[in-house]
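Biologist: I would like to go through this structure with you. Could we start with the overall picture and then turn to single residues?

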Amino acid sequence: MGGYQPYGYGGGYQPPSFPVVRLRGLPFNCTDIDIFKFFSGLDIVDVLLVNKNGRFSGEAFVLFAGSMQVEFALQRDRQNMGRRYVEVFRCKRQDYYHAVAAEVNYEGIYDNDFHGSPPPSRAKRFNDKDQMEYTEILKLRGLPFSVKKPEIVEFFADFKIVEDRIHIACRPDGKATGEAYVEFTSVEEAKRAMCKDKMMIGSRYVELFPSTPDEARRAESRSRQ
């Protein structure tokens, strides 16, 4: 998959570049938090882990608060995360938006360009989640980092939730991870609320997953550390 051109060099007209980088070679158990640690000290606005055919591809996009942050991020090219060294390179705004759209449409990024095997249909993916074991708790992923509880309450306005059992997951430094746990009044209510999977809060498409009280408690205790 060659042909990655550094963005921002050469050419005449040079608009201010969109402050996003692409990462490649990430460990397959990588999380948003690992990426925050990798870029510690930099101001991250969004992290998008790229899935291909339902599995993490080892690639991610990271959106920063400004182009100066990108210059600092590029200096971390080929540094290690765990036992793997991670490539950090420039990419274009449309690559990032393409990846966001691909997450929503369940199409692996660039599958169309490279004629990869077709990804499972959205309906099949949804059914996969249907087969999972449900409790009263759903996990939300891909939230805006600035999200507050009232926005989550509003998102689930048509469903019965336990408002004091909404937990927005945070890193030890207090910044949000983009994940949250929401408790519903019953397992059936949580299942019904899955119809909100891939709907938007702010400018982000939010993914929903069945979760467990144990997973929610662990996330809560991590946030308190």
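Modeller: The answers below begin with the fold and move on to particular side chains. Please keep in mind that this is a predicted model.

Biologist: How many helices and strands are there in the chain?

Modeller: The chain has eight helices and 10 strands.

Biologist: And what share of the residues is buried?

Modeller: Of the 225 residues in the chain, 46% are buried. The chain exposes about 12,300 Å², and 50% of that area is supplied by carbon and sulfur atoms.

Biologist: What part of the contacts comes from residues 24 or more positions apart?

Modeller: Counting contacts with a separation of 6 or more, 67% are between residues 24 or more positions apart.

Biologist: In what order do the five strands of the open sheet run?

Modeller: The order is E2-E3-E1-E5-E4, with antiparallel pairing. Strand E2 (44-52) and strand E4 (79-81) are at the edges; each has a single partner strand, so one side of each has no neighbour in the sheet. On average, neighbouring strands of this sheet are turned by 35° against each other, direction ignored.

Biologist: How many bridges join E1 to E5?

Modeller: Four bridges join strand E1 (residues 20-24) to strand E5 (residues 84-90), and the two run antiparallel. As one example, leucine 23 has valine 88 in E5 as its bridge partner.

Biologist: Which strands does helix H2 lie across?

Modeller: Helix H2, residues 67-74, lies across E1, strand E3 (55-64) and E5. Relative to E5, helix H2 runs at about 145°.

Biologist: Let us change topic. Is isoleucine 137 buried or exposed?

Modeller: Isoleucine 137 has a relative accessible area of 4%, so it is buried. This residue belongs to strand E6 (residues 137-141).

Biologist: Which residues is isoleucine 137 in contact with, leaving aside neighbours within four places in sequence?

Modeller: Its contacts include Tyr181, Val182, Glu183, Phe209, Pro210 and Ala216. As for arginine 165, which is 28 residues away along the chain, its C-alpha atom is separated from that of isoleucine 137 by 9.3 Å.

Biologist: What does glutamate 220 touch, not counting residues up to four places away in sequence?

Modeller: Glutamate 220 touches Arg165 and His167. The glutamate lies in helix H8 (residues 213-224).

Biologist: Why is glutamate 220 counted as buried?

Modeller: Its relative accessible area is 17%, and buried means under 20%.

Biologist: Now the aromatic residues. How many aromatic pairs does the structure hold?

Modeller: There are 11 aromatic pairs. In one of them, the rings of phenylalanine 38 and phenylalanine 39 have centres 5.0 Å apart and planes at 80°, so the pair is edge-to-face. Phenylalanine 38 is buried at a relative accessible area of 9%, and phenylalanine 39 is buried at 0%.

Biologist: What about tyrosine 96 and tyrosine 97: how far apart are the centres of their rings?

Modeller: The centres are 5.5 Å apart and the planes are at 50°, so this pair is tilted. Tyrosine 96 is buried, with a relative accessible area of 6%, whereas tyrosine 97 is partly exposed at 44%.

Biologist: Which residues do ring pairs link into a cluster?

Modeller: Phe18, Phe61, Tyr96 and Tyr97 are linked into a cluster by ring pairs.

Biologist: One last point. Which residue lies over the face of phenylalanine 155?

Modeller: That is lysine 196, at 4.6 Å from the ring centre.

Definitions and conventions
Residues numbered from 1 in each chain as written. Predicted model: local features only at pLDDT ≥ 70, side-chain atom pairs only at ≥ 80, totals over all residues. Heavy atoms only, no water. Buried < 20%, exposed > 50% of the residue type's maximum accessible area, 1.4 Å probe, protein only. Contact = heavy atoms within 4.5 Å. Areas by Shrake-Rupley, 256 points an atom, 1.4 Å probe, with all protein chains shown as cover. Pairing = 2+ DSSP bridges. Axes fitted to C-alpha atoms, helices over the stretch in contact; angles between N-to-C directions. Phe/Tyr/Trp six-rings, centres within 6.5 Å; stacked < 30°, edge-to-face > 60°. Lys NZ or Arg CZ within 6 Å of the ring centre and 35° of its normal.
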